[in-house]
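User: Please take a close look at one part of this model, the place where the two chains meet, and describe it in a connected way.

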Protein chains: 2
Amino acid sequence: MTEYYFDQAIALQSLSTGHYCGSTHAAWQNMVGPFGGITAAVMLQAVMQHDDRLGNPVSITVNFCAGVAEGAFEIYAKPARTNRSTQHWQMELLQAGEIVITATAVTANRRNTFSSNESPVPSVVKAQTLSRAEPPKLPWTQRYDMRSINGHIPAVWDGSEGDTLTQMWVRDVQERAIDFVSLTAIADSFFPRVFLRRKTMVPIGTVSMTVYLHADAAELSALDSGFILGQARAQCFFNGFFDQHAQLWSESGALLASTQQVVYFKE
Amino acid sequence: MTEYYFDQAIALQSLSTGHYCGSTHAAWQNMVGPFGGITAAVMLQAVMQHDDRLGNPVSITVNFCAGVAEGAFEIYAKPARTNRSTQHWQMELLQAGEIVITATAVTANRRNTFSSNESPVPSVVKAQTLSRAEPPKLPWTQRYDMRSINGHIPAVWDGSEGDTLTQMWVRDVQERAIDFVSLTAIADSFFPRVFLRRKTMVPIGTVSMTVYLHADAAELSALDSGFILGQARAQCFFNGFFDQHAQLWSESGALLASTQQVVYFKE
């Protein structure tokens, strides 16, 4: 078996075309159930290892319909429509016959065109000058080497007002090479914005998350296991839900992904 | 029949629970096929008029798998999972038995909680001091009263470099009252960012669009047919696709929706 916890967690056994089984992994558990990023990753993995896949991921949306229970799950992935250069996917994760996760994705064969990063990398200190931030005592946070620049999880939970901005360097502790699937997981690695905003720990759960990927496989491969610069903010808290929008850049300043999610929170 | 072109275009006839038929509307045509916003709206409408709906929309993602042909379509909408206060939806639009649009949505019964607008409305001139911008000669643009503040569609297509920022006031020309469905359409009313960036008209098509709704029905209802302030930017153009992230505020400065999309473009 692979030495990488990440690859262990996204391992899917194919039962038939587009039908897989997998299992949650103790190393990726969050407070309740698995880290959402690893669930998003395994949904994308079901597309990546599908025989009929055309091209690489451009977009994925994952809806967290219910808590993923510890243990086995099934995933169904099917191409809803295949065009000349793009393909649309529908995915579902089931446990005990019930839908737990729904997702859609777009894959495409990209062509070389005009390209431009309109979201320049913020001016921040290099990862190598920072030490690893003390992560909360949860299994999944042990999987990442997070180096906080701004807005780490609060040290003091005093209910005071805070800013929702986080800037951090992040990489896999085991230094597994970055690919579309691991980048999708990293897109969910920011702590809940409500924790920063209110310095109060309240129950939360992402209900929907979208990742747009702005890189090709060769570009990601060249990054190897380098650090990713992540920046996240909330735009709105409103009656039980807040949003988060975030960017992920490479160390050389390429915008690799833009991502957003909407999160349930309890007051 | 309703006098509002919007209601005509989103009208769905129920064939059985969660199975509808509808038709494209000449008044909402774009360059090729219907305006994406009206398609997103009709996908949400299928949820809104479903007998089993719980609460109001929090999130919707619409994937444009292929061009919507002029004429009739079927929509299937089903609750994938119904929880105590949230519900997850899967929707599909078909023509001639083929999937043309896939979508997912989250609806919820919101509770009163801590709320905070973290994305303050930009300081701009009032809609009433501006006159209606000359829209391109397309049916759907005639449906909106757009008042440009910054970044209207280029007047001169000279291939020069431009900024991707648009700020505009927008409302339904017929002054139909705003609701979740019409707000979802407005989330797609920004002209393609590549037009502004490159001042070159190239073929484009949105492949996936997500709208997060940060308002309740009473709040939207109180807006009546007021102007919406829209602001949109691109974050990245990369090998055939670019993203757009945008916000929609009320005249009083409430962030009603945040939205993002990824768009195919041809060089």
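This is a predicted model: local features need pLDDT of at least 70, side-chain atom pairs count only at pLDDT 80 or more; totals for chains, interfaces and linings use all residues.

**The contact between the chains**

Local features need pLDDT of at least 70 and side-chain atom pairs count only at pLDDT 80 or more, whereas totals for chains, interfaces and linings use all residues. Residues are numbered from 1 along each chain as its sequence is written, while chains are lettered from A and ligands numbered from 1 in the order in which they are written.

The contact takes 54 residues from chain A and 54 residues from chain B, two residues being in contact if their C-beta atoms, placed from the backbone, lie within 7 Å. On the side of chain A that touches chain B there are 18 nonpolar, 26 polar and ten charged residues; here Ala, Val, Leu, Ile, Met, Phe, Trp, Tyr, Cys and Pro count as nonpolar, Asp, Glu, Lys and Arg as charged, and the others, Gly among them, as polar. Because 100% of the interface residues of chain A are also interface residues in chain B, the copies meet through the same surface.

Strand S7 (residues 116-117) of chain A and strand S12 (residues 236-238) of chain B run antiparallel and are joined by two bridges, where pairing requires that DSSP finds at least two bridges and a strand is a DSSP run of E with at least two residues, numbered from the N terminus. Opposite Asn117(A) stands Cys236(B), in S12(B).

Conventions: Helices (H or I, at least four residues) and strands (E, at least two) are DSSP runs, numbered from the N terminus.
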